[in-house]
Amino acid sequence: AGSTLAGGGSGPLEVRISGNTASGGGGLLVRGTGSVATLQNVRIDGNQAIEGAGVHIESGGLVELRRAPAGDCPDAPRCLTLSGNLLDDAGEGFGSAVFALNGGEFRMYQGFIEGNGGFGDNGWLIMSYTENNLFELEGVQIWNNRTRSIFYMTAYSHLVGGFLTV
């Protein structure tokens, strides 16, 4: 059985996951089949890790981030951000914003992925390290990140996008 994290900000408040340091999943770590994090109006910012500085998903975990309707959003359109997360490894750098392996799923709707980086601009912003990961991005603006590349995808992983600005 997995764990569930659900909720988020509404009205004038958003949820902040900020200023954390870990080896994996500086901001949010979701691991295991059936483990699900569904959040709205969340700012995952200023976290550090060797893998997945913002979000780390593995072994069948699912993370879904959404922006609430405009009336419930205190700072539209930036009620949902994955920003300013840094890889703290001098090596390759695995996923300054999102890192997934072994069947992880990441979904983000109507938000910003901005200002993330790696050690010496190294690493990848959104990284699928093993097979069978899924990334679904819709209405997301990806800009001002300092990494080797935006996406790193491996065999049998999927990236589905719509209405993206990169």
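1. Which side chain meets that of Asp45 in a salt bridge? The partner is Arg16, at 2.7 Å from N to O; a salt bridge here is a side-chain nitrogen of Lys or Arg within 4 Å of a carboxyl oxygen of Asp or Glu. Asp45 belongs to strand E6 (residues 42-45) and Arg16 to strand E2 (residues 15-18), so the pair ties together parts 29 residues apart in sequence. Strands (E) are DSSP runs of at least two residues, numbered from the N terminus.

2. The model is predicted: local features need pLDDT of at least 70 and side-chain atom pairs pLDDT 80 or more, while totals for chains, interfaces and linings use all residues. Residues are numbered from 1 along each chain as its sequence is written, and side-chain values use heavy atoms, without hydrogens and water.

3. The salt-bridge count is five. Another of them joins Glu58 and Arg31, with the closest N and O atoms 3.2 Å apart. Glu58 is in strand E8 (residues 55-58) and Arg31 in strand E4 (residues 28-31), 27 residues apart.

4. Glu64 pairs with Arg66 in a salt bridge at 2.8 Å between the closest N and O atoms. Glu64 is buried at 14% relative accessible area, whereas Arg66 is partly exposed at 38%. Buried means under 20%, exposed over 50%, and partly exposed in between (1.4 Å probe, protein chains only).

5. Asn133 sits in the loop between strand E14 (124-128) and strand E15 (134-143). Asn133 is buried, at 1% relative accessibility. A polar atom of its side chain lies 2.8 Å from the backbone nitrogen of Gly104, and one lies 2.7 Å from the backbone oxygen of Thr130.

Definitions and conventions
Helix = DSSP H or I, 4+ residues; strand = E, 2+ residues; numbered from the N terminus. Polar contact = N/O pair within 3.5 Å; in protein donor to acceptor, adjacent residues only side chain to side chain.
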